[in-house]
Amino acid sequence: MTETLLRTVRRVGTSGAPSDVLLVDGRVAAIAPAGTLDPTSAETEVVDAAGAWLGPGLVDHHVHFDQWALVRRRVDVSGCDSAESTASLLADVARTGVPDRVLVGHGYRDGMWPRPARRELLDQAAPGLPVVVISADLHAVWCNALALQHFAALVGRPLPAGEDGVLREQDAFDVTGALSRVPDDVLDGFVADAVEAAAARGVTRVRDLEMVFGIDRWTRRVQAGTDGLRVGSGVYPGELDAAIARGLRTGDVVPGTRGLVTMGPFKVITDGSLGTRTAAMTDGSGVLAYAFEDLVAMVRRAVAAGLVPAVHAIGDRANTLALDVFEAVGARGTIEHAQLLVPEDVERFARLGVAASVQPEHAMDDRDIADRHWAGVTDRAFAFASLDRAGASLLLGSDAPVAPLDPWVSMAAAVGRDRDGREPWHPAERLAALTAWRGSTEGGRVGVSVGDVADLVLLAEDPLAAPSSGALRSARVLGTAIEGRFTYLDV
Ligand SMILES: [Zn+2]
């Protein structure tokens, strides 16, 4: 029996009367007024929480974990507002020495740049070095001439880029894929660091939508001691057959992982993105990856094998199509992103049992781009409150590396729709703190009750009473536990 006694906590969702909470064998076994519970044996771990707020562990419902582990180490260019300033930041880095054979930047957003990207800006930034800059939404990569050669050799086919040096969609995915092919032991080290960082923000579980099916990688990591997160690992169409052959249904525990790794959803991408202007729109612009009949057939096969569909849809036309697919198949699942919706589709989420898996920080990153490229319709973009009012369940996520793997960033963006001192963007679509919290917790729970699995966070402040979105964004996490085992503790 393993036992932990949390002394003097205040429980999220209550008025804050101090309690003692006893955790036994990974579950919440008892809750009583502070000072009234005692350890039952000398082996009981006692944590004096000194009035910290106790809540269920936090979940990031949409991450690309290996990409995030890699991106955390790349040059962050997200603060650059032009092609020229991006190139000049990379030139500064190149001068101080690059540890790898390729200089990699991450996070450019060219939707508002005064002039488009040009290949030769990167040629000049670091002569003699392949330079590649990955767009914030991952749907484009901007390369210099050496990088185009370097990656063409790695992916084994020519990569046709114009004068801008930009590759889009599949070409871009192939380049980021090649960049991700670092030796397993190196990547696992990066991942172990990123797992620790996630635990330090209160995260107990992620839904990993990495593009290469990951249950074997995660099994290897857990067995090597990286055990600070629960991971649901999803699968894409290219490996659907292989996943079905494993016989695991969504939510099933992967053997040999101590319950930490589970089979994730079946993820399918139906359109592009806002930033790359490839989102499928009702005006006919953008790209659709599949015909309706093909999507239905694929989703039906996944559902028959017990896999829950997670359908990427960003443009309003893509969202209509995704909802049509769910309706035709008669399955429940999630729409990933759900960024732009025609008004008639808002109520279909709840009616069809389709959760909206949304990334609120994207609204902050992309508000100017949306105002430009979705001019006149942004009142129905990132329509979180409308979805909530219509009864849809909202799941919050980061889409890391697009935004940082930090649920407090997602919650702050959902609650405030503001950042950097700017006025809120479409404030009518702000979420109540309680809704954002439930969209970010284990099982949508508000508080902690006897019988719960002891996936928990300890917080310096009550997240439901945060005075501002800024306070949420910088919320202080004091402890994180999975089944009562602390993955992070700083009390
Ligand atoms: Zn994603």
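Strand β9 (residues 131–135) and strand β10 (residues 140–143) run antiparallel and share three bridges, with Val132 of β9 facing Cys143 in β10. Strands here are DSSP runs of E with at least two residues, helices are H or I runs of at least four, and both are numbered from the N terminus; two strands count as paired if DSSP finds at least two bridges between them.

This is a predicted model, where local features need pLDDT of at least 70, side-chain atom pairs count only at pLDDT 80 or more, and totals for chains, interfaces and linings use all residues. Residues are numbered from 1 along each chain as its sequence is written, and side-chain values use heavy atoms, leaving out hydrogens and water.

Zoom out and you get an open, mixed sheet of five strands, ordered β7-β8-β9-β10-β11. β7 (75–76) and β11 (166–168) sit at the edges with a single partner strand each, so one side of each has no neighbour in the sheet.

Some strand pairings, side by side:

| Pair | Sense | Bridges |
|---|---|---|
| β6 and β12 | parallel | four bridges |
| β12 and β13 | parallel | four bridges |
| β9 and β10 | antiparallel | three bridges |

In β12, Val203 partners Leu58, while Asp208 stands opposite Ser233 in β13.

His62 lies in β6 (58–63) and Asp399 in the loop between β18 (394–396) and α14 (407–416), so the pair ties together parts 337 residues apart in sequence. Both His62 and Asp399 are buried.

Methods:
Buried < 20%, exposed > 50% of the residue type's maximum accessible area, 1.4 Å probe, protein only.
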